Amino acid sequence: MARRATFINDHIDSTDFAMFIDAGGFARGGGDIGKLYTNYLLRGMADLGYTVFNLSYRDFITGGNILKDLSNKHNVEFIASNTFYKDNGKPFTEPYLVKTIKPHSSGKSLPVDKIRVGIVGMCDEYGLLFSKQIKEPMLEAKPPLDFAEKLIAQVRKKADIVVLLYNGNYAKLKPILETVKGIDVTIMGGQYYMVTPNDHFESIIVSTPSMGKYGGLLTLQLDNKKKIVSHRNENIPLKEDMQDDPAMLKLIKEFEEAEKKLQDETIYSSSSH
Amino acid sequence: MLNNDHDRKKVMRFSILTILAFLGIMLGCHQSSNAVDNAATASFTFFYTNDIMGYVTPCG
């Protein structure tokens, strides 16, 4: 994250509007160590400016309640448009989000003063999103294609740019992109390696290689009617020679200390039994 | 017919000035066209990620 902060600082001034967004698959795993990693990751990403995260099935590994807590704690929003409580059918998150983005720097004359970004977030279908041993209301992800058309049509009316965040199988995403009109940008996780520059859909589709080693940078040029006239996508490797951001290094030091403390406690706890 | 050096110099000076004026107009048009393009569009950048899998640092 220290390199990601530098990457953002290096690029933020060259754009008029910016948004920080994650297509899901951010969680480390189960157990206390996994929770610790996920907590610090979300805290760091919130500090970097991330506001919206899609949820993949992997992000539900420790249940839904902890995600609600993390959302409140770090002031970030999760989106899971096709995820519902199994017992009463209520949605786990809002069906979509609309964020109004203003220019991040003033002084430059721009053809538009704000841009509304509509976001739908989806994952593959799963009957049970976490272990039944976690004692809380079970969640399920319903078939995304059943919801995509209606949700995109709704968000299209309220937004200038419509983004689909998808985490899962490329084969499940493909029919959505082939049949649903009105998606400007798709950011994919899960089978990220299936996304290639040769993909030809109405929607722009992008992805980065995994494990946070790259920064994805998709820049759209918009005319005065907020129509996309061109785009450019880059995956910037966060290489070792990249300078670490000092503020983020402080957070990482805190994380490493918390990790060591937890490991020591785990060793002590298991050796005392 | 150019009868003397004076006439030739006048023609040459006129030609050079014409070329310079033409280049100046072209350069001016090019710059103003860029200015119009820049003012007519806004750039919007998504800083995006996927599948970070809890990697707080790139190596762990």
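Trainee: Which residue is the bridge partner of Phe17(A) in strand 1 of chain B?
Mentor: The bridge partner of Phe17(A) there is Phe44(B). Before we go on, note that this is a predicted model, in which local features need pLDDT of at least 70, side-chain atom pairs count only at pLDDT 80 or more, and totals for chains, interfaces and linings use all residues. Residues are numbered from 1 along each chain as its sequence is written, while chains are lettered from A and ligands numbered from 1 in the order in which they are written.

Trainee: What is the order of the open sheet of 6 strands?
Mentor: The order is 3(A)-2(A)-1(A)-1(B)-11(A)-12(A), and the pairing is mixed. Strand 3 (77-79) and strand 12 (228-237) of chain A each have a single partner strand, so they stand at the edges with one side left without a neighbour in the sheet. Within this sheet, strand 1 of chain A pairs with strand 2 of chain A in the parallel sense over 2 bridges, and Asp22(A) stands opposite Phe53(A).

Trainee: Which parts of chain B supply the side that touches chain A?
Mentor: Helix 1 (5-40) and strand 1 (42-49) of chain B each supply at least two residues. Strand 1 of chain B gives the most, with 8 residues. The contact takes 20 residues from chain B and 56 residues from chain A, where contact requires C-beta atoms, placed from the backbone, within 7 Å. The secondary structure of chain B comes to 1 helix and 1 strand.

Trainee: Why is Ser56(A) called buried?
Mentor: A residue is buried if 20 or more other C-beta atoms lie within 10 Å of its own, exposed if 12 or fewer, and partly exposed in between, with C-beta atoms placed from the backbone. Ser56(A) has 30 such atoms within 10 Å, so it is buried. Ser56(A) lies in the loop between strand 2 (52-54) and helix 3 (65-74) of chain A. Leaving out residues up to four places away in sequence, Ser56(A) touches several residues, including Gly24(A), Cys123(A) and Asn167(A). Ser56(A) and Met122(A) are 66 residues apart in sequence, yet their C-alpha atoms are 7.6 Å apart in space.

Trainee: What makes Val180(A) count as buried?
Mentor: Val180(A) has 21 C-beta neighbours inside 10 Å, and therefore counts as buried. Val180(A) is found in the loop between helix 5 and strand 9 of chain A. Ala148(A), Glu149(A) and Ile152(A) are touched by Val180(A), not counting residues up to four places away in sequence.

Trainee: How many residues of strand 8 of chain A are buried?
Mentor: In strand 8 of chain A, 8 of its 8 residues are buried. In a regular strand the side chains alternate between the two faces of the sheet. Here Ile161(A), Val163(A), Leu165(A) and Asn167(A) are buried on one side, and Val162(A), Leu164(A), Tyr166(A) and Gly168(A) on the other.

Trainee: Why is the crossover from strand 8 to strand 9 of chain A called right-handed?
Mentor: A crossover is right-handed if, with the strands pointing away from the viewer, the path from the first strand over the helix to the second runs clockwise. The chain crosses from strand 8 through helix 5 to strand 9 of chain A, and this β-α-β crossover is right-handed.

Definitions and conventions. Contact = placed C-beta atoms within 7 Å. Helix = DSSP H or I, 4+ residues; strand = E, 2+ residues; numbered from the N terminus. Pairing = 2+ DSSP bridges.
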